Each structure stands twice: as C-alpha cells, then as structure tokens.
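Let's take a walk through the charged side chains of this one. Here is what we'll be looking at.

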Amino acid sequence: MACFWGAGLTGLAKQYRDRRKSRLFGPIVVMALGAALLLVALAVFLLHRFDAAAAEREQHMVENGLERQLHEFDAVIVPQVNWDDAVKKLDHQFDPAWADFNVGNYLYTFNGFTRTFIVDGEGKPFYASIDGERVGTENFARFSAIASQLLPEIRKAEAARPALKPRPGKDNILTVPIQANGFATVDGQVYLVVATLVQPDFGRILPRHARAPVTFTALPFDAAMLKAFSERYLLDRLELVAPGRSPQGNAQVALHSPKGQALALLTWQPREPGTMLLDQLRLPMLGVLALIAFTAFTIVRRGSRVLNDLFASEARARELALHDTLTGLPNRAKLFERLGALLGQIDGKGGAVAVLCVDLDRFKDVNDTLGHGAGDVLIEQVAERLRRVCTDAALISRLGGDEFVVVCDRSSREWVEALGLRILTAVREPVVSAYGKIEASCSIGMAIIDDAGVVPGEALRRADLALYRSKELGRMQASFFEPAMDNALRERRALEADLRLGLSRDQLEMVYQPQVDEAGRIIAYEALVRWNHPDRGVIPPAVFVPLAEESGLIQPLGEFVLRRVFAETAAWKDKRIAINVSPLQIRLPGFVALVTRLAARAGADPARYEIELTETALLADGPVTAANFDALKRLGLTIALDDFGTGYSSLSVLQRFPVDKIKIDRAFVGCMEESAESEALVEAIIKLADALDLAVIAEGVETEEQMARLSALGCHEFQGHLTGLPISAAAIETTRLRARRIRRRA
Ligand code: C2E
Ligand code: MG
Ligand code: MG
C-alpha cells in the first residue's frame, strides 16, 4: 500500500515536473521555431517581391525596346524614300532600276526587309521586290490586307501635311516622315510592315500627284530577328508563339495588327533574381535554421538538465521537510497531509482509518543512562521493526522523540488489535547495539475513525487518549479509544482544577508512616501526602502526584509538603523524617534554597531529614540535579533511593550518586513469599547495599513472615502496614505524649 502510494506520488511528481518543463520550454521552442519560420517566410516573400519587381521592370524594358526597335526600322526606310530623287524616280517618272537599287535591294541587303512594295495614289502596286529581287506586282496581294489597314493613316497625314513648295538652293529638310507600321501574318510568318509616304527631302523636286506613292516594306520576325533582340536585351528563351501558347510562367509582349488584334506573343523566360538568390541562399538558410534548431535544442536540453537538478533538489528539500532525518519515516507534516487525505475519503458508508500511536516506554531512561547515541539506535531499530510488521500500513511516521504513528485504511477492530499486538511483540525484542543490549517496550493507543468530517488532529487526539490509557494500565499495552476516555480526560481536567483549588484551600495534609527496627522501635517516619477532597473523599497520592507533575502543580505541592513536614516534625528530635521529592523538584535550581529556607523557618534541623528520590529523578543527570544532590548532602540531609529495583537502571544510578539508603520496593517484598525470584532479588539488593555500605529498608512489609525472611536476608529496617499505618502528626503527637507519660509513671 505504502509502495503503491509512493509509486502514485512519483508519477504525480513526474507529471508536475513535465508540466512545469513544458510551460517553461514550450514557449522557447515555439518562439525559436516561430522566429525561424518567420525568417524563412520573410526571406521567401521578399525574394518573390524582388522577382515580381524585376519581372515588371523587364516587361517595361522589352515593351520599350520593341517600340524603339520599330522606330529604328521605320527610321532606316526614311533616307531611301524621303528624298527628292525618290519623288522623281518613283512619282514623276517611275524608274524600276532606281527602285531596285535604292529601295528593294537596298533595304533587303542592309536592313533585312525581305518584301518591298510600292503603290500609287490609287493604292495600286507598281513595284514589288522579294529578297532584293524585283518580282511581279501580284505578290502584293498577300500584303494588301495589312496595306489597306496602314494606308488610311498615311493618307490622312499626307492630307494634313502643309502644302509643299519648291525651295531650290535651301539645304534644310522640308518634310517630316509620314509612316505607319503594324504586324501582319502572311503565309504563317509574322512580319513587321512599315508604310512610308514618298516625299521630297530638300524640296527641289515636289510630288507630281496629290497622293504620292507609298512604300510597304516587310521585315519577317524570324529566328535571326529574335536572336538579335534577345541578345540586345539579354532575354532567355525568347520565342514567338501563337496567342495563348505562351509557356507557363513566361513573360510576354503581344504583337498587334494595326486594328489591335494580337497576332503573336513574344515570350521569354523572365529573369528571377530573387529565386536565384533563394536557390543560392537555400543551403546557408538551412544552415541557419539548423543552427537555430540546435541552439533551441541545446537551450532546452541544458535548461532541462538544470531544471532536473532544481527539481531534484526541490524534491530532496520536500523529502527532508516531510521526513524524519533519523529514521527516514514521514514526519508530522507528512502524517497530517496523508491522514487528512485518508480521512477526507471517509463518507460514513463503510470506509475507515485506523490510527495507532506507538510510544516507547521509559525511552528517556535509555537516553539518560546509555546516552543519546543508544537512544538513536533504539529509535532506528523501532522504525525498522514497524516497517517490518506494518506491511499493510498506509503510513508509518515518527512524530518526534519516541512517538510513532501508524495509519491503516482498515476498519476491522480484530485486524487493528492484531497489528497492535504484533508491534508490541516486535518492539520488545531487545536491541543489541554497540551500546550494549537495550531493552525496550512500547505502549499503543488505537483509534478507528469511521465517521466523516474528522480532522487529523482529532484522530490523533483519540489515539493519544487511548495511549494514555495504555500507560495508565502499566505500559506495554495496546488500548482502543473509547468515547468514555473523553470523559476521563474531562475528569482529569476537573481534578486538576480541583487540586489547584485544594492547594489554595488547605485541603491537603500529611500523614507519617513509621519505619522500625527489628525490635519494633520506631526509628523514623516517612511523610506521605493526602488530599481530602470535600466531595470525592481521600484521593491517594498515586493519583494526584502524577497529575500535579503533568499540570505544573508539583512546585506548589512540593513546597506545601516541605513546609508542612518541617512545621509538624521540627520538634521530633529523636526521629528521622523521610520526605518524598518528585523528579521535577530536584531538577529545579532553587530547590535546596527552598529546603533550607523552609527548614529554618520551622526551626527544623536539616540533618534529621531524608530525601526520598526515585531513580527517575536521578537519571535526569543534569548539572542542576547533581548540584542539588551535593548541596543537600552538604546540608546534612541523607538521600534514600525509593522503589529500588523497579527502575530501569538502578545500578548505574548507585554508581553515580552516593545515596545513603536503598528502599526495597514493596512489589518485591509483597511477592517474596510466592516467588523465589523476588526473594533472590531482595537478597541481591540487600547484598548490594551491604557491599556499597548503604543502609537498606524494606517497604510494604505486611506479614511477620516477610519481616522474618527480610531479617534473615540481612535487612533490619522495615516499613509497612505490619509495623505501622501512616497516621497524622497529631495522632503521632498523642501517641508520643502517652508513651512519655507511661515512661514517666514507670
Ligand atoms: P512511596 O514513596 O513508595 O510510599 C510508600 C507507599 O506505600 C505509600 O503509599 C504507603 O502508604 C504505601 N504503603 C506503606 N506500607 C504499605 C504496605 O504494607 N502495603 C501496601 N500495599 N502499601 C504500603 P501512598 O501514601 O499512597 O503513596 C504512594 C506514592 O506517592 C509514594 O510511594 C510516593 O511515591 C508518592 N508520594 C506520597 N507522598 C508524597 C509526597 O509528599 N511527595 C511526593 N513527591 N510523592 C509522594
Ligand atoms: Mg517513599
Ligand atoms: Mg517506595
């Protein structure tokens, strides 16, 4: 279960880490890729714009170039036809030889015009030349259509021309050329046809007719022409195609007839400097993209490593914050977190959570006698055993000190009880360590929570109450929480308040139990405190002394005892008085001063008094305890070690503190008759006291047999119901007076 939970948590932690990573790196990757794509898109867009601008410029250049070319073609005809000689030889008196030499042959040879025709004022051809050779005028028929389209323009301009007057001797040009041109397809060949009006140049010879002859010169748009044009304008794959046949992506310029009909398309592959640049940039750009991708990848990878380290240290810090460093078990914070989650699942319809509070018995003694190292070893071992035994537990945690809490999502009382017993047994196995064999035991409080809405604090409080019951019952027990315990707690609180009140209202008093020698003579008294509660009757010190210790009332109680005992017994000069002192008192720095002050105030001689300490009091081997011990002895008080043999380490206390007396606990004395072991123990204690030269007294002596046996074993002082019940100082005073009177009478 714990493992499953652990695996679940690991999965959750991984999801959490991945989410945080993708939140951090996601934008970096997206931004890097976005920037790269934007860069590429921008480059492609700009280069395409570059291409488009270049294509547009080229288109204008070709259109203008063609225009200029046509004008050039027009211009080469003008010197041959706008000439006084031409008027004379073509208009006045037609001279075919002159026409061959100066027009037909000349324009073919020097300018490539393969067809030349001359028509008269009526539009009738009277001269024709093909490839520089004169031919019959019937050849004009193929060009009559284009001629009829160009001629009106010529005639219109001719009519609009200012009247020509003879200007002999003048040498400036009289006329401006009158020309028209257009494209025509003849026999599948596209021709540029130029119509030129025959005019004089210097005006020495003027036209004879109102309508002068017109020359039609045709230049084929053939391969040579295309080659020349493409070389001039650096055009790639320039060709002439029928309209609509231009290859995809090619630029084009239409060649129109004079009527505006597109006869052919001059097409070429436009230069795309952007695309060329793109082609050249492709590799470098791929390199840049790869570099960006690599940089992003490196950032993400390195960042991821750094983040992983951060996550790991964060997880370690969390782990440390939620776990106990000594045992590695979850700590209080983790317990509350997990217990809260489990309790939150209880809906009152069957679910339950069992909480077991495990507390080591007398752990403090181990620390005090064997040292904190041994205490740590014991805690580690107990943690290990809990892990071994509580395999089905949802959580095993250490709250600190010697407190452990086991949480199970079980509701069966039998199951939980069996687990409690297993824990008790496991903890009782002695721990063998470098510090020696450590005996341990624990008390357990168990609570099964099946009601919804219980918070972790309340669940722990219930288990804690049950633990308290286990301790009350004498430790090494496992008890279940019962609602009545709440009442018991309330009861304790009420008793605590009553005790406070009782102390202030003088409800407490002292009784004195005699300690006698073998002859039955009273040699001393032990002062024992009593509480006469107005409603509850006499409450024994075994109930209210621990209560006072736990509630901070031990100081006023201890002070009351000292004050009352000194006051009541100051006059009992021949008797020693033993006073019980709580471990908490002897640890207080002002304790000896208090003893001195109260004894002095009562006029009591401290040297007649004995302080009874249990070994627990002396185990708190702090500097104050030791100082108090020494100071008491210097004052003349003797020290008795009470309840000897019941503690954890009586011998080591004896070794460290020079006590004067040992009080054999009544538990051993009471069992002596039935148990040979107890008797052996009593004998051992007596021998020990003898060996250490200590006085020894047996408590709880109830029978003659016990007294005889103790006496035989070497114990010669007794305290118990056999030799005297605890009685008040007043009763003792009365007895003493009576005894004195009897003695006097005798
Ligand atoms: P303790 O110091 O061991 O005192 C002896 C206890 O044994 C007394 O119980 C006494 O009444 C009881 N006792 C004496 N003879 C017999 C006997 O023959 N049979 C049996 N069964 N019991 C006998 P008490 O007065 O109830 O005191 C119980 C414990 O309370 C004491 O044990 C002591 O530890 C503590 N105590 C009593 N008075 C004081 C006090 O003034 N201050 C402090 N700090 N503790 C006190
Ligand atoms: Mg005592
Ligand atoms: Mg005792």
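How exposed is Arg709, going by its relative accessible area? Arg709 is partly exposed, at 35%, where buried means under 20% relative accessible area, exposed over 50%, and partly exposed in between (1.4 Å probe, protein chains only).

Before going further, some ground rules: this is a predicted model, so local features need pLDDT of at least 70 and side-chain atom pairs count only at pLDDT 80 or more, while totals for chains, interfaces and linings use all residues. Residues are numbered from 1 along each chain as its sequence is written, chains are lettered from A and ligands numbered from 1 in the order in which they are written, and side-chain values use heavy atoms, leaving out hydrogens and water.

Back to Arg709, then. Its salt-bridge partner is Glu679, with the closest N and O atoms 2.6 Å apart; a salt bridge here is a side-chain nitrogen of Lys or Arg within 4 Å of a carboxyl oxygen of Asp or Glu. Glu679 sits in helix α21 (residues 676–691) and Arg709 in helix α22 (residues 704–713), so this pair ties together parts that are 30 residues apart in sequence. (Helices, H or I of at least four residues, and strands, E of at least two, are DSSP runs numbered from the N terminus.) Elsewhere, salt bridges with shared partners join Asp451, Glu458, Arg461, Arg462 and Asp486 into one network.

The structure holds 39 salt bridges. Another of them pairs Glu72 with Arg232, closest N and O atoms 3.0 Å apart. That one links distant parts of the chain, from helix α1 (residues 2–81) for Glu72 to helix α5 (residues 223–233) for Arg232, 160 residues apart. Both ends are partly exposed: Glu72 has a relative accessible area of 31%, and Arg232 comes in at 38%.

Arg134 and Asp100 also meet in a salt bridge, 2.6 Å from N to O. Arg134 belongs to strand β3 (residues 133–134) and Asp100 to helix α3 (residues 96–111), 34 residues apart. Here Arg134 is partly exposed at 45%, whereas Asp100 is buried at 16%.

What about a charge without a partner? Asp201, in the loop between β5 (189–197) and β6 (214–220), is buried yet has no salt bridge. The nearest side chain of opposite charge, Arg204, is 5.8 Å away, with Lys and Arg counted as positive, Asp and Glu as negative, and His and the chain ends not counted. Leaving aside neighbours within four places in sequence, Asp201 is in contact (heavy atoms within 4.5 Å) with Asn82, Trp83, Asp84, Asn172, Ile173, Leu174 and Thr175.
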